[in-house]
Amino acid sequence: MNRPTERPEAADRSQRRADRADLPGQVVLVLQGGGALGSYQAGVYQGLQEVGIEPDWIIGTSIGAINASLIAGNEPQRRLERLHAFWSRVQRVPHWGFEGAFPGLDGRWSHWSTLTQGIPGFFTPNPLAHAGDAFPLGADHAGYYSTAPLEHTLAELVNFDLINQGRPRLTVGAAHVRTSRMRNFDSRDGRLDVRHIMASGALPPAFPPVRIDGELYWDGGILSNTPTEAVFDDNPRRDSVIFSVHLWNSVGPEPMTMADVLNRHKDVQYSSRIASQIARHRQTHRLRHVINELASRLPESERSNPEVRELLGYGCQTRMHVVQLLAPQLEYEDHTKDIDFSQTAIEQRWEAGYTHTKAVLARKPWTDHFDPLSGVILHEAKDLTALVAE
């Protein structure tokens, strides 16, 4: 893999410390699921690291969980190297050698090669899955592909002992197959190993579920592909700057062709109702701040009343800035984009993630004026990515 343009280090360490000190709270990196689109997330991390911003907490689903483990499971000086190693391993190099003359041809070849052959270091076809829908594969092998290669890749590139030290904290989401409930596996609460990352990326029917403590789990993205709520619901809550990295566009044009329909359907499905989730949490946290404001207006005699103290406990002073970063729609991109592991697409998305992040960090939207009663301040991707063109 030809790496995206290497960038010079920040001017000096004091500047790095200053950049990190500008952030009002813990740094949380939230990584969506989206297969091949996930190279955008690697570019985002590169942009953060270059100014000395390392996440305190990483939350990932599916490919987001894989990228998260590569970051959390390595020392800071090796994280970018490991991300490059993974994305080099899973890419498909140009097959025709003249894709510039026939735009999109290499992407289509990558798509069909992935379907028929799998991805080296990631997954391989399971021939028995084509023996018939009723063929008894067994619950642990019921998928069109085997992810055994991914297990070997993660074992080589990720240090799980380091992950379980909890710096940074790592949370990965998976769907409990029997109960349809979301399960967040958190390094703060228990030990994580390769199974937890594999479970978070076990998207049916392509990949079989992963068994943990006797129970089967599928890809968390089928329930919550943008697990930002883990930060809002954390106990105790903390002031945070949340870099929420989106791979699917929740807003898009009306589809005019069947290709447009298939593409838009995936964006709608996997953007994971993030707009409504954010709106709900903004309202909830505003009410928490309102409770605090009302409490300050009560006389001490009322605030010391046990029943009133219990009610005031619903208040909260924390403030969370949600900074959205959104992967762009590439030219010739269609509904197969999440399995387009072509070298060109991986590099273009990585570079876009880097460019968007650098623009956002230069803008520092969390330093703007905002309503003091707001507990969740949303800095939308549509506003921030426009900075790149300025």
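Of the 66 residues in the largest nonpolar core, which touch the most other members? They are Leu29, Ile66, Phe86, Trp87, Phe122, Leu170 and Phe243.

## Basis of the model

This is a predicted model, in which local features need pLDDT of at least 70 and side-chain atom pairs count only at pLDDT 80 or more, while totals for chains, interfaces and linings use all residues. Residues are numbered from 1 along each chain as its sequence is written, and side-chain values use heavy atoms, with hydrogens and water left out.

## Nonpolar cores

A nonpolar core is a set of buried Ala, Val, Leu, Ile, Met, Phe, Trp, Tyr and Cys residues joined through side-chain atoms within 4.5 Å; buried means under 20% relative accessible area, exposed over 50%, and partly exposed in between (1.4 Å probe, protein chains only). The largest core has 66 residues, and helix H3 gives the most to this core, with seven residues. Helices (H or I, at least four residues) and strands (E, at least two) are DSSP runs, numbered from the N terminus. Another core, of 14 residues, lies apart from the largest one and includes Val28, Val30, Trp57 and Ala230.

Contact means heavy atoms within 4.5 Å. Leaving aside neighbours within four places in sequence, phenylalanine 122 is in contact with Ile63, Ile66, Phe86, Val90, Ser146, Thr147, Pro149, Leu150 and Phe341.

## Pocket and cavity

On a 1 Å grid over the protein atoms alone, a cavity is a set of points where a 1.4 Å probe fits but cannot get out, and a pocket is an open set with protein on both sides within 12 Å along at least five of seven lines; lining residues have an atom within 4 Å of a point. Grid points are joined across faces, edges and corners, and a volume is the space filled by probe spheres set on the points.

The largest pocket holds about 730 Å³ of space. Its lining comprises 34 residues, of which Leu203, Ala206, Lys266, Asp338 and Ile339 are the closest to the centre. Helix H10 supplies the largest share of this lining, four residues. By class, the pocket lining has 18 nonpolar, 13 polar and three charged residues (Ala, Val, Leu, Ile, Met, Phe, Trp, Tyr, Cys and Pro count as nonpolar, Asp, Glu, Lys and Arg as charged, and the others, Gly among them, as polar). There is one cavity of 30 Å³ or more. The largest cavity contains about 40 Å³ of space and is lined by Thr147, Leu150, Met198, Gly201, Ala202, Phe207, Pro208 and Val210. Six of these lining residues are nonpolar, two are polar and none is charged.

## Serine 271

Serine 271 occupies the loop between helix H10 (258-270) and helix H11 (274-296). Because its relative accessibility is 5%, serine 271 counts as buried. A polar atom of the serine 271 side chain lies 2.9 Å from the backbone oxygen of aspartate 267, and a polar atom of that side chain lies 3.3 Å from the backbone oxygen of valine 268. Beyond neighbours within four places in sequence, serine 271 is in contact with Gln32, Thr226, Trp248, Asn249, Ser250 and Lys266.

## Backbone features

The peptide bond from arginine 167 to proline 168 is cis, with omega near 5°; proline 168 is placed in the loop between helix H7 (160-163) and strand E5 (169-176). The bond from proline 204 to proline 205 is cis, with omega near -5°.

Serine 180 has a positive phi of about 60° although it is not a glycine, and this residue is exposed, with a relative accessible area of 52%.

Methods:
A polar contact is a pair of N or O atoms within 3.5 Å; within protein, one must be able to donate a hydrogen and the other to accept it, and residues adjacent in sequence count only if both atoms are side-chain atoms.
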